[in-house]
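The following exercises concern a single protein structure. Please examine the sequence and the model before reading each worked solution.

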Amino acid sequence: MNFEFDKIINRVGTSSSKWNKYTHPDIIPMWVADMDFETAPCIKNALLNRINHGIYGYTEPPKELPPTVAHYLKSEFDWSIDTDWIVWLPSLVVGLNVVSRAFAEKGDAILSNTPIYPPFLSAPINGDREIITAPLVWNGTKWIMDFDALEKAVTRKTKAFLFCSPHNPTGRVWDVDELNALITFCRKHNLILISDEIHSGLILDRNKKHIVTANVSDAADISVTLLSASKTFNMPGLGCAYAIVKNPTLRKKLKNEMNGIVHHVGALGYTATLAAYSEGKSWHNALIEYLRVNRDCVENSLSDQSHLTTYHSEATYLSWIDARQMGVQNPSKYFEDFGVGIYDGALFGAPGFLRLNFACPRTMLNEALSRIQQGLSASA
Ligand SMILES: Cc1ncc(COP(=O)(O)O)c(C=O)c1O
């Protein structure tokens, strides 16, 4: 089946966060992680059916949804879960905030790596917990965790590790040895391992596969896995995510923290998630093919630029770029003046870097890449 990833859809006037950010109408927005593609037809049809019903009352997870999630996790990642382990959430960012409060007390600390998706840095602070970070290091081939730096950073007050797998923004797909090393580290320091796996459906390298952290060794006992269909199927505006928590004590703590505060998932979020996981496979496969070519376009276009280093994205639709050699104060602002809105790495804990979202129709991507080239020529 053919899907229309090349189709340009005007999002102006839809109150899109991505397209509302820049007041100048000519800036191509490549910052926040949502895609400029229509979602899978099966999802759109399921939503249209639900909308046609006309009553949008309080809604419980459809009874087919938990087994469908379990089936999806088994078939995609060979992870067997019990449906009782699922805790529904309105978004992953809500999840990051509630886990920070559930598994650390006020004044305690939470550890993570930088660069990292900005809410990892703000969620602990929002709840008066401290965030401690250790940088990932470039080993000449890939970004890796630095366990010496983590050992130095961890304190007796550190209660949890916020982990991102696959990693936003570097696009790393962690291998089993890296996951085992992290699990050993967390066990040694009694840390709850929070694994945000929202990008797990976006593995681009053919020789890589996503390994669920909680499915390695006996990590499930100390793990909370945060997931959603929203990134893979481009529906983050519908608000449906979930945590998988095997350990009943951790699950109870999480639910207690949510009680009365965290809003339930809306009817459309459940409907869309059910359709995505049960009928979305062919669209998903086609999406990955399209994103892989877009990824290659970005990496080929920017590879011979001496002032930019673009790291290979094994997963996600995000490119992580070191712009420090450009010699401009604020590279994100600089490229905005050339008509491309790229995320500022400073927000990820890495000033001088950029994160570029390449999930858009190819003509739009090529136009953006040519504007970046113009910006680079002007700065040389
Ligand atoms: C690693 C990561 N976690 C969470 C989110 C946001 O999830 P949600 O929209 O469900 O809050 C994103 C969005 O870009 C992300 O990259």
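**Exercise 1. The cavity lining**

The model is predicted: local features need pLDDT of at least 70, side-chain atom pairs count only at pLDDT 80 or more, and totals for chains, interfaces and linings use all residues. Residues are numbered from 1 along each chain as its sequence is written, and side-chain values use heavy atoms, with hydrogens and water left out.

Task: state which residues line the largest cavity.

Solution. 
- Step 1. A cavity is a set of points, on a 1 Å grid over the protein atoms alone, where a 1.4 Å probe fits but cannot get out; lining residues have an atom within 4 Å of a point.
- Step 2. The lining consists of Y72, F77, I198, S200, G201, L227, S228, A229, T232 and Y277.
- Step 3. The volume of this cavity is about 40 Å³, where a volume is the space filled by probe spheres set on the points, and grid points are joined across faces, edges and corners.

**Exercise 2. Cysteines**

Task: determine how many disulfides the protein has.

Solution. 
- Step 1. A disulfide is a pair of cysteine sulfur atoms within 2.5 Å.
- Step 2. By this rule the count is zero. For C164, the nearest cysteine sulfur belongs to C186 and is 14 Å away.
- Step 3. C360 is buried, with a relative accessible area of 3%; buried means under 20%, exposed over 50%, and partly exposed in between (1.4 Å probe, protein chains only). C164 is also buried, at 3% relative accessibility.

**Exercise 3. Backbone geometry**

Task: identify where P115 and T316 are found.

Solution. 
- Step 1. Helices (H or I, at least four residues) and strands (E, at least two) are DSSP runs, numbered from the N terminus.
- Step 2. P115 is in the loop between strand 3 (109-114) and helix 5 (119-126), and the peptide bond from T114 to P115 is cis, with omega near -5°.
- Step 3. T316 occupies the loop between strand 11 (309-311) and strand 12 (318-322). Its phi is positive, near 75°, and T316 is buried at 0% relative accessibility.
- Step 4. By way of context, most residues other than glycine have a negative phi, and most peptide bonds are trans.

Note on methods
1 Å grid on protein atoms, 1.4 Å probe; cavity = no way out; pocket = protein on both sides within 12 Å on 5 of 7 lines; lining within 4 Å.
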